[in-house]
Amino acid sequence: MRKKLFMFGIDSATWDLIRPWVAEGKLPGFKKLLSGGAACDLMSTVPPLTPVAWPTMMTGSSPGDHGSYDFYSLDKNRELTVNLASDIPYPFVWELLSDAGLRVAAVNIPITFPVRPLNGIMVGGLLTPGLKSDFIYPPELKKEFIKKFPRYEFNPRVKATRNDPESYRTLFKEIKKEVTDVIAVSDWVLGKEKWDFFAMNFMAVDHVQHFFWNDKRAMLEIYRLVDKYLERVLKKYGRTHRFLVVSDHGAGPLEKTMFLNVWLKKRGYLRFKNTPAVVLKRLLSFLGMNPDRLITLASKLRLVRHSGKMEMGKRNRLMNRLVLSYADIDWDRTEAYSFGMYGGIYLTRKNKTLIKKIIGEMQADFGTDLTFIDSSQNLYGTDRYPATIPDIQFLMREGAIVSTNIYAFSGHRLFTDPITHKSGEHRMKGILALYPGQDVLKETENASLLDITPTILDYFGVALPDYCRGRSLFKKEIRDGKLVEGIEI
Ligand SMILES: [Zn+2]
C-alpha cells in the first residue's frame, strides 16, 4: 500500500532541457521517472516568478487571494521591503496535512520564512535571512543543524558580472554547493522524521539557468547532480512511496530587459518632480549611470557586499541618492507606474477605463512582442490587494524580454541588454511528473500550480478548503493512499 508522498521540487526545471538529455542517456534518474511515471507541463502563475508561484502551489490559492506577488513591495513611504511568508493568509499544504494528523517535513521551499509550527520538521527556503534567524521548526533542532551544517546558505551569495569570468567561476562553485547542501539537509531530515509527506526543493537549477543559459555544459552538470539524487531516492523509496516531481515555472533564454517606466513617462502617465536633484539624476541616467552599473561599481569599491536579496535595503538607500527613485516621482501628476521583478503596471487611482486605454496602447506599440496582457482583476478574479498587486500584467515574448523595475528609472532606454548579467529567464511551462503512475493522472493539458495542493490533499484523503481554486489531477479517487478503482472524477 502506497501511503507516503515524496515531493521532489526543482525550481525552474524545464522539459525543454530534460527530455533531450534523457534521450541522449545523460539523466538516468529522469529516464526512470519518465518511463515509470506520468508527466506533463505544469502552467505557472502570471508572472512566473518564484515568490508568486511557490505560495500558489503550496496553498492552492491564487496570487490574487494569497497576495504574495514579488520578492519585494513598496511600503507606504514607497521604500523597498522584502516580502515574507507571514503575509500569506492561508496554511501551506503541510499544515493542512498536520491538522489531519499526518507527519510532514519540508526542506528549502521558497517563501516559508518565518517557519510555522507543524507536525514534523520544517527548514526554511529562499528569503530565510540566515542561521541566526528562526529558520527551523521545531526550534530545538537549531543547535544540531548549525553544528552539522555551519556553512548552510538560504540565498545565493554571489552575483556574476559579465566582463568578469572569475565571478562566473565562483558563482558556479556556489551553485554546486547549493545542490550538495540541500541533499545533505534532506537526508538528515529524512532520517530524523517518520514522515507521511516530505517536500524538498533545489534552487540550483534556477540559478544555473539564469547565469549560464548559453553554457549547456554548466547547466547539464547541475542537472546531473540533481538527477543523481532523484535516481537515489527513487531507488530507495520508489517501490513503496509515490513521487511528485514539480517545478514552479520553466526557463528559456533572456534577450532583453525592458524599463516600462520609460514608456509610461513618454506616454505622459508618469511624471517626475521638478527639483534640481531630479534634473541632475536624469542627466546622469542619460549619460549611462544606471543601478546595475552602480552596483557593480559599488561592489568593486566594497561599498556594498555583492550579494543576495537581503542586502537590498542597504543598496537601495545608496541608489536613491544617485538614480531616479520612486521618491522622485511627482505622485500628484502620476497616473500609472511600473514596479517589481516583472514590472506590472500600478494605477495611482483605480480606474477601469484607464486600464483598458493602457492595454490598448501597449498592444499598439509592442505588437506581437506582447504575448500576454490582462488586468489582474480578470486574471485572478479578485482585487483584494490593490496596493501590492499591479492592475495590469503582461509578458513580452513569453518572458524572453522581462520588464524589471526595482528602481523607478533603471535606465533612460526602453530596452537594454539583460541587467543583473543574466542570460536565462523564466517561462510559463514548468514540469510535473508522478511516479509510479502511467494511468494515474487525468488528461493534464491544463495542469497548473493551483492543482498541486488539491492533488496532494486528494492523495491523503484530506478535505479541500473552499479557497482552493484548482482540482486534483488524479484520474481515480485515492483514499488512504490507495487507488479506489472505478471511481472516475
Ligand atoms: Zn522559481
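I shall speak about a sheet, a helix lying across it, and a cavity.

The model is predicted: local features need pLDDT of at least 70, side-chain atom pairs count only at pLDDT 80 or more, and totals for chains, interfaces and linings use all residues. Residues are numbered from 1 along each chain as its sequence is written, and side-chain values use heavy atoms, with hydrogens and water left out.

Let us begin with the sheet. Eight strands make up an open sheet of mixed pairing, in the order S2-S19-S9-S1-S8-S5-S6-S7. Strand S2 (38–43) and strand S7 (136–137) are at the edges with a single partner strand each, so one side of each has no neighbour in the sheet. Strands here are DSSP runs of E, at least two residues, and helices are runs of H or I, at least four, numbered from the N terminus; two strands pair if DSSP finds at least two bridges between them. Strand S5 (residues 104–109) runs parallel to strand S6 (residues 120–124), with five bridges joining them. Alanine 105 is opposite isoleucine 121 in S6.

How much space lies in the second largest cavity? The answer is about 80 Å³. Among the 13 residues lining the second largest cavity, Asn108, Glu153, Glu178, Val182 and Met203 are the closest to its centre. A cavity is a set of points on a 1 Å grid over the protein atoms alone where a 1.4 Å probe fits but cannot get out, and lining residues have an atom within 4 Å of a point; grid points are joined across faces, edges and corners, and a volume is the space filled by probe spheres set on the points.

Finally, helix H9 (residues 216–237) lies across strands including S1 (5–10), where contact means heavy atoms within 4.5 Å.

How values were computed: On a 1 Å grid over the protein atoms alone, a cavity is a set of points where a 1.4 Å probe fits but cannot get out, and a pocket is an open set with protein on both sides within 12 Å along at least five of seven lines; lining residues have an atom within 4 Å of a point. Axes are lines fitted to C-alpha atoms, for helices over the stretch in contact, and angles run from 0 to 180 degrees between N-to-C directions.
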